[in-house]
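Please open the model in your viewer and keep the selection tool at hand. The stops below go from the whole chain to single side chains.

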Amino acid sequence: MAPERDSARERTPAGATATGRPRARLDQPAPPRRRYLPEYDPEAFGRLSERIARFIGTGRFLVWMTVTIICWVAWNTLMPPSVRFDEYPFIFLTLALSLQASYAAPLILLAQNRQDDRDRVNLEQDRKQNERSIADTEYLTREIAALRMGLGEVATRDWIRSELHDLVRELEQRRDGHRSEAVVFPAERSHGRDVDDR
């Protein structure tokens, strides 16, 4: 019995070196599989559904729908019975309207979902833009604060002007005081350098 088992093993190869079935090549792309369902471009279908949903939501669609229903009802009530195609209960009209509504609702939902996706992307971009603006504003605020601190140590034009005005006023007061001293009390003035003139 043992030799039969060995021969069975030899007949059915197994493992990494098995040659019983064709090996898949991983370095080459797989051949395309046969598809049983029709293929379509979801983006093109979404754009078409948005166009239809936009048209359904307009007043022009309501006017055309109203005119069509009025003509339908008038044709099927006023024309001779041999030409009418939908008698009084208007079952065919009801079927057409329900069919239109059954397609319009999913198309409108699809268009709303696409709009929600766009709004979500726009909201995310706006949020990122706001974060960048806040970061830029905080950076500029820190820079302005640093400049103000630096300007506190630097002499400004107004400060220098006020200091110069004070010095000019003080010099004028000294000059006027020296003239009055020289005229009124010439003998009391010492001929040496004045301590205040330094």
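Predicted model: local features only at pLDDT ≥ 70, side-chain atom pairs only at ≥ 80, totals over all residues.

Residues are numbered from 1 along each chain as its sequence is written, and side-chain values use heavy atoms, with hydrogens and water left out.

**The whole chain**

Begin with a cartoon view, in which the protein shows five helices and zero strands, following the pattern α-α-α-α-α along the sequence. Switching to a surface, you are looking at about 18,300 Å² of accessible area, 60% of which belongs to carbon and sulfur atoms; such areas come from the Shrake-Rupley method with a 1.4 Å probe, and for residues only the protein chains shown count as cover. Of the 198 residues, 8% count as buried, where buried means under 20% relative accessible area, exposed over 50%, and partly exposed in between (1.4 Å probe, protein chains only). If contact is taken as heavy atoms within 4.5 Å, then among contacts between residues at least 6 apart in sequence, 44% join residues at least 24 apart.

**Helix α5**

Select residues 157-184, which form helix α5, and pick out R161 and D158, three residues apart and so about one turn of the helix. They form a salt bridge with closest N and O atoms 3.7 Å apart, a salt bridge being a side-chain nitrogen of Lys or Arg within 4 Å of a carboxyl oxygen of Asp or Glu. R161 counts as partly exposed at 43% relative accessibility, while D158, at 54%, counts as exposed.

Staying in helix α5, select R169 and D166, again three residues apart, whose salt bridge has its closest N and O atoms at 3.1 Å. Both count as partly exposed, R169 with a relative accessible area of 46% and D166 with 38%.

Elsewhere, salt bridges that share partners join E43, E50, R54, R114 and R118 into one network, and the structure holds eleven salt bridges.

Not counting residues up to four places away in sequence, S49 touches L107, L110 and A111.

**The loop between α3 and α4**

Finally, move to D86, in the loop between α3 (59-78) and α4 (91-153). D86 is buried yet has no salt bridge, and the nearest side chain of opposite charge, R84, is 10 Å away; for charge, Lys and Arg count as positive and Asp and Glu as negative, with His and the chain ends not counted. Which side chain does the side chain of D86 make a polar contact with? The partner is the side chain of W72, at 3.1 Å; a polar contact is a pair of N or O atoms within 3.5 Å, where within protein one must be able to donate a hydrogen and the other to accept it, and residues adjacent in sequence count only if both atoms are side-chain atoms. Leaving aside neighbours within four places in sequence, D86 is in contact with W72, N76, I91, F92 and L93.

Notes. Helix = DSSP H or I, 4+ residues; strand = E, 2+ residues; numbered from the N terminus.
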